[in-house]
Amino acid sequence: MTEKALRLGTRRSKLAMAQSGQVADAVSQVTGRPVELVEITTYGDVSREHLAQIGGTGVFVAALREALARGEVDFAVHSLKDLPTTQPDELVVAAIPVREDPRDVMVTRDALKLNDLPRGARIGTGSPRRMAQLNAYARSHGLDFETVPIRGNVDTRIGYVHQGELDAVVLAAAGLNRVGRSDEVTDFLSVDTILPAPGQGALAVETTADNAELIAALAELDDPFTRVAVTAERSLLAALEAGCSAPVGALADLPPLSAPLERGDPQADGQSVKEMRLRGVVGSTDGATLVQLSTTGPVPETHEAAMALGRELATEMLAQGAAGLMGERAH
C-alpha cells in the first residue's frame, strides 16, 4: 500500500511554486512518500498596496501558517526573507536548505550595466532597502538615476523594462534562478554595492512543533552553515526592531569563499573556513544617510552564538544612528 501523500502548503506565484516544487522533490526522496502541493492565496498576493504600507512582515506567511495550524497542510515553504523574526511556539522551521545566490541583480534595457545607465534612468524596485543603497551608490559614484516603487511578480517587473516604462528593475538572483530566467540578468550587483535582505536566497521549511517524525525527516534537508548565517542576519534585523519592509540589508558570509562565489566558481572549498563575516546596512531611502558596519568572528557553532553575533552588530549600528533611519516601524 502506498503511503499517504504529504501536503505542502505554498503560495500560488510562479516563483513560490517553483521553489516549493524543488523542496517537494527533496522531501519525497528523504521520506519515500509522495508530496502534493496545496496552493494557498495570501494577503500579500491579493493586496495591491505597496508592501511597506501593508506592514511588510508576514503578509505572505500568515495564511500558510494558518493552514498549518488547522491541519490542512503538513508543512509549508517560505522565502526566508518573508518570515517575521519572531517564531510562534507551535511551529518550527525544520529545515533551511542550502542557500541560493543571495545577490540582487538588474534586468536593464539594452543590456546596460548599473554604471552605464543614462542620466535620469528610471530603476524600479519595491524595496526601501534597495532604494536606499542604490541612491547612496549613485551619490558616491556621480550617477544620476531615479528609483521608482513597483510591485508585482517577476514577469510583471521585467515587463516594465521590455515595454519601455522603466530602464531597469532590481530583483533577487535566487528568484530568477529558481524560475529559470537567470539568462535575462544583465548585471549582478556585488554585495559591496547592495547588501541583500536578511535571509535572501534561503528557504524556510516549516511544520508544526508536535510533528516529531516529519521534523526529523525534514531536518535532512537542513544546511547548518546556511542556518547560522541567516540566523545571524535575522538576529540583526530583530535587534534593529525592523520588519522586512524596513531599509535593512544584512549578509553573513565566509570571506575566502565569497569572491569565488561572486565569480560563479562553485569549487570554493568550504572546509578551511573558520570565520564568518556579518555585514549590516540601514539607510534613508534617498541614500543621503547610510549606516554600514561589519564584524568578523568564528563561525557560530550554536543558534545562540549566531543570535549574539547579530545583536552585537545591531548594537553598534544603533550607536551610530541606525534607529533614526528605520522609517515606519512595522508592528
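Modeller: A residue is called buried when its relative accessible area is under 20%, exposed when it is over 50%, and partly exposed in between, using a 1.4 Å probe and protein chains only. Helices (H or I, at least four residues) and strands (E, at least two) are DSSP runs, numbered from the N terminus. The model is predicted: local features need a pLDDT of at least 70 and side-chain atom pairs count only at pLDDT 80 or more, while totals for chains, interfaces and linings use all residues. Residues are numbered from 1 along each chain as its sequence is written, and side-chain values use heavy atoms, with hydrogens and water left out.

Biologist: What makes β4 largely enclosed by the rest of the structure?

Modeller: Of the five residues of β4, four are buried, and the strand is therefore described as largely enclosed.

Biologist: Why is β4 called an edge strand?

Modeller: Two strands pair if DSSP finds at least two bridges between them. Five strands form an open sheet of mixed pairing, in the order β2-β1-β3-β10-β4. Both β2 (35-39) and β4 (91-95) pair on one side only, and they are the edge strands. From one strand to the next, the twist averages 35 degrees.

Biologist: How do you know that β4 and β10 are paired, and in which sense?

Modeller: Four bridges join β4 and β10, in the antiparallel sense, and the definition asks for at least two. Ala-95, for example, has Val-205 in β10 as its bridge partner. At the other end of the order, β1 and β2 share five bridges in the parallel sense, with Arg-7 bridged to Glu-36 of β2. In general, strands of a sheet pair through backbone hydrogen bonds, either parallel or antiparallel.

Biologist: Which helix lies across β1, β3, β4 and β10, and at what angle to β3 does it run?

Modeller: Helix α3 (residues 62-69) lies across those strands and runs at about 165 degrees to β3 (75-79). Such angles run from 0 to 180 degrees between N-to-C directions, with axes fitted as lines to C-alpha atoms, for helices over the stretch in contact. Contact means heavy atoms within 4.5 Å.

Biologist: Why is Thr-10 called buried?

Modeller: Its relative accessible area is 0%, and the cut-off is under 20%; Thr-10 is therefore buried. Thr-10 is placed in strand β1 (residues 6-10). Beyond four places in sequence, its contacts include Ala-16, Ser-20, Val-38 and Leu-64.

Biologist: What makes the approach of Thr-10 to Ser-20 a polar contact?

Modeller: A polar contact is a pair of N or O atoms within 3.5 Å; within protein, one must be able to donate a hydrogen and the other to accept it, and residues adjacent in sequence count only if both atoms are side-chain atoms. The side chains of Thr-10 and Ser-20 are joined at 2.8 Å, which means that the distance falls within the limit. A polar atom of the Thr-10 side chain also lies 3.4 Å from the backbone oxygen of Ala-16.

Biologist: Is Asp-101 buried or exposed?

Modeller: Asp-101 has 15% relative accessibility and so counts as buried. This residue is found in the loop between β4 and β5, and its side chain makes a polar contact of 2.8 Å with that of Arg-103.

Biologist: Is Asp-110 buried or exposed?

Modeller: Asp-110 reaches 61% relative accessibility and therefore counts as exposed. It lies in the loop between β5 (104-108) and β6 (121-124), and has a positive phi of about 60 degrees although it is not a glycine. Ala-111, in the loop between β5 and β6, is exposed at 52%; its phi is near 55 degrees.

Biologist: How do you know that the span of α8 is close to the expected one?

Modeller: The expected span is 1.5 Å times one less than the number of residues. Helix α8 (residues 224-239) has 16 residues and reaches 22 Å from first C-alpha to last, close to the 22 Å expected. Its buried residues, among them Val-228 and Leu-236, are covered by elements including β11 (248-253), β12 (275-283) and α10 (303-319).

Biologist: What confidence does the protein carry, and where is the pLDDT below 50?

Modeller: pLDDT is the predictor's confidence in each residue, from 0 to 100. The protein averages 86, and 84% of the residues score at least 70. Over residues 50-56 the pLDDT is below 50, although this stretch has 18 contacts beyond near neighbours in sequence. Where pLDDT is low, the predicted coordinates should not be read in detail.
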